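Please open the structure in your viewer and keep the selection tool at hand. The tour below goes from one selection to the next and says what to look for at each stop.

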Amino acid sequence: MSAIYERTLVILKPDCIERGLMLDVLTDLCYEPIKARLFRPFRDIWSFHYHEHVGKDFYDRLVAQMQSGPIFAMTTGGVDAINLVRERTKYIREKYGSVGPRNLIHSSDGPDSARYELNLWEQNL
């Protein structure tokens, strides 16, 4: 089986920025940004990003948390990047602690979501 280069999306959430963990989390992620931006996106983007959660009881709290401050969104890539970044995401959440939607970091959970999320976010980076 040959190695496949993949690209994926990572978002450092407002609680990560608020807690002053951005550089620590980026270091622990072990992936460099291809494109990146620190900004506060329009509220509407979250209904597309979290489309599978629209209408669920936690959706409004999730969007409110994501709108509570700036985010750092980035694309990154490498061989098997989607799975490896996802493993690093879990490690980071365990290392720094997380509660519900205040879990510091988002990363694409598979090839389909990576494609969808990159298409949605890259124009904003």
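Begin by selecting G78, which, leaving aside its neighbours within four places in sequence, is in contact with I4, Y5, E6 and Y31, where contact means heavy atoms within 4.5 Å. This is a predicted model, in which local features need pLDDT of at least 70 and side-chain atom pairs count only at pLDDT 80 or more, while totals for chains, interfaces and linings use all residues. Residues are numbered from 1 along each chain as its sequence is written, and side-chain values use heavy atoms, with hydrogens and water left out.

G78 has its place in strand β3; helices (H or I, at least four residues) and strands (E, at least two) are DSSP runs, numbered from the N terminus. With a relative accessible area of 12%, G78 is buried, a word that stands for under 20%, whereas exposed stands for over 50% and partly exposed for what lies in between (1.4 Å probe, protein chains only).

Next, select V10, L12, V25, L29, I92, L104 and I105, which touch the most other members of the largest nonpolar core, a group of 16 residues. Such a core is a set of buried Ala, Val, Leu, Ile, Met, Phe, Trp, Tyr and Cys residues joined through side-chain atoms within 4.5 Å. Two or more of its residues come from each of β1 (5-12), α2 (22-29), β3 (71-79) and α5 (81-96), and α5 supplies the largest share, four residues. Centre the view on V25 and, not counting residues up to four places away in sequence, you will see that it touches L12, C16, I92, Y96 and I105. A second, separate core has 15 residues, among them Y59, V63, A73 and L120.

Which residue holds the cysteine sulfur nearest to that of C16? It is C30, at 14 Å, and this is too far for a bond, because a disulfide is a pair of cysteine sulfur atoms within 2.5 Å. By that rule the count of disulfides is zero. C16 is buried, with a relative accessible area of 0%, whereas C30 is exposed at 55%.

Finally, select Y50, E52, H53, L62 and H106, which of the 20 residues lining the largest pocket are the closest to its centre. The lining divides into five nonpolar, eight polar and seven charged residues, and α6 gives the most to it, with three.

Note on methods:
1 Å grid on protein atoms, 1.4 Å probe; cavity = no way out; pocket = protein on both sides within 12 Å on 5 of 7 lines; lining within 4 Å. Nonpolar A, V, L, I, M, F, W, Y, C, P; charged D, E, K, R; others polar.
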